[in-house]
There are 2 protein chains.
Amino acid sequence: MPLSHRINSAVLNALEIAQAAPAPGKLAEALSYATTPGGARIRPTILLSVAKACGDDQPMLTDAAAAALELIHCASLVHDDLPCFDDAALRRGKPSVHLAYSEPLAVLTGDSLIILAFEVLARAAHHDEGRAAKLVLSLAQRTGMPGGICAGQGWESEAEVDLTAYHRSKTAALFIAATEMGAIAAGHDAESWHDLGALIGEAFQVADDLRDAVLDEDSLGKPVGQDDLHGRPNAVATYGVDGAVSRLKDILAGAIASIPSCPGEAQLAEMVRLQAQAIMPKMPAKYRT
Amino acid sequence: MPLSHRINSAVLNALEIAQAAPAPGKLAEALSYATTPGGARIRPTILLSVAKACGDDQPMLTDAAAAALELIHCASLVHDDLPCFDDAALRRGKPSVHLAYSEPLAVLTGDSLIILAFEVLARAAHHDEGRAAKLVLSLAQRTGMPGGICAGQGWESEAEVDLTAYHRSKTAALFIAATEMGAIAAGHDAESWHDLGALIGEAFQVADDLRDAVLDEDSLGKPVGQDDLHGRPNAVATYGVDGAVSRLKDILAGAIASIPSCPGEAQLAEMVRLQAQAIMPKMPAKYRT
């Protein structure tokens, strides 16, 4: 089965749990609205790819892990879009959850998706209770405080920011969860898969910075130059455009080199190369050399 | 050790995990603000009492369960107080989290506390992985959708409300979690402890309805007559004051009768009787017969 089918059916199975009658109808509907059809599903794709590289001997547990990670990612988007954060009108081409449903329902949608993520892992625990506990731990650490995406958002309320901690928690955390959880689900050690996730996360951050700096609003689909405007630290300000491009290539090479020895090592390296091509922004003519 | 000491030290141990450096300072501080000194800690007290009645053979796991349940309860208060829900200025005699810190930090505080609850259970899983998985499941089911406190709040956005589902999820859910998780932590079957939690939850609901109907604002510490004002269904409207008082006594008698046979049955019945006295509102003279 293609990875995208596995991910979609795992997410749909999770939603079925949360929407079982009797359930309040609008909140139940908002859970689907926030998670389907979904974006690129990059994080669960990485998770499944790592699990496959490690043998994927408990595929039901792997699927639960992939769904859990994607649910958390979707929850974070719903809360990030709230008026008190980004006040975003659109998400994936449709009105954000608080505009489509209401602000209370958007808060509850995020909360419910976070909780559902952990419920999905608990329900799959009978496949391997030890691995399930490690999956809950990894997901919680990469989502909450002090090292997860909540911490990443929390840093934005600080006058003095620890930039390393900020980037690791804000952007890299769910990529680290992806590689760690893929390994754990397949019975491998999480720790040796940490760096691959961290490097992929860093690559996404640099690619984002590049897009923000060099694309026009039409190509990006949202206002450009936001990092410069808000004085946010970014790779282009630090290294220049050419420097950031070569930094991105270096990080991806490092990511591939960091892949631990495992049965599916070559195939996984190929997946990282493909993801790398997908995230490299199409540079406008004036930047091409 | 008195139960209240066990609960407080379990909550403080959990906070230490979430506040480990490097962490964004304000969010870290808000986590303490939202959870300490705490209210009556009724839910974890019930959880510990049930675990003790069942033998409490894994006290570290029981403590983790008590902390997890209290963290979720505190998270729900922070999100309930948000401007888009109750817009509450005060909580436990001090400014609510969104006023003391900011609305973004209040959303993140709730999110982080929910996630921390599951992390605490995962960290205690090595004491008994099977029980830990069941604890995660019970907590998630009583917190999220379709049967937890998120669902309870979700019903308030519906034009037509399933009243049984509404009350079970809004008020009773975390009491059901308390009795189920206490039993699970001590290696007992969750199912036979469900009714005790549900009945205690119902008793709290009726006691709340009575307080809302018969007390004045000074005694209640918040505006009275809110159920009547908002046309909310409540026990006093259905049974009258005397009827509601005798209904409350019936429910508590039923709760005590529902206690499954276990080593600490008598002591647990005594605890329920004490909680019952504590929640029965002091009736003003005009209602005394």
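I started in the loop between α2 (25-35) and α3 (42-53) of chain A, where Pro37(A) is found. Helices here are DSSP runs of H or I with at least four residues, strands are E runs of at least two, and both are numbered from the N terminus. This is a predicted model, in which local features need pLDDT of at least 70, side-chain atom pairs count only at pLDDT 80 or more, and totals for chains, interfaces and linings use all residues. Residues are numbered from 1 along each chain as its sequence is written, chains are lettered from A and ligands numbered from 1 in written order, and side-chain values use heavy atoms, without hydrogens and water.

I checked the peptide bonds next. Thr36(A) and Pro37(A) are joined by a cis bond, with omega about 0°. In chain B, the bond from Thr36(B) to Pro37(B) is cis, with omega near 0°. Pro37(B) sits in the loop between α2 (25-35) and α3 (42-53) of chain B.

Then I looked at phi. Most residues other than glycine have a negative phi, and most peptide bonds are trans. Arg41(A) has a positive phi of about 55°. I found Arg41(A) in the loop between α2 and α3 of chain A. Arg41(A) is buried, at 7% relative accessible area. Buried means under 20%, exposed over 50%, and partly exposed in between, with a 1.4 Å probe and protein chains only. Arg92(B) has a positive phi near 50° and lies in the loop between β1 (90-91) and β2 (94-95) of chain B. At 36% relative accessibility, Arg92(B) counts as partly exposed.

I moved on to Leu268(A), in helix α14 (residues 265-279) of chain A. Leu268(A) is buried, at 2% relative accessibility. Its C-alpha atom is 9.8 Å from that of Ala51(A), 217 residues apart along the chain. Beyond four places in sequence, the contacts of Leu268(A) (heavy atoms within 4.5 Å) include Trp193(A), Leu196(A) and Ile259(A).

Last, I looked at a helix pair in chain B. Helix α4 (residues 59-80) and helix α7 (residues 129-143) of chain B pack at about 15°, with axes 11 Å apart. The axes are lines fitted to C-alpha atoms over the stretch in contact, and angles run from 0 to 180 degrees between N-to-C directions. α4(B) and α7(B) are therefore roughly parallel, a label for angles under 35 degrees, with over 145 roughly antiparallel, 65 to 115 roughly perpendicular and the rest oblique. Among the residues that meet are Leu61(B) and Ile72(B) in α4(B), and Leu135(B) and Leu139(B) in α7(B).
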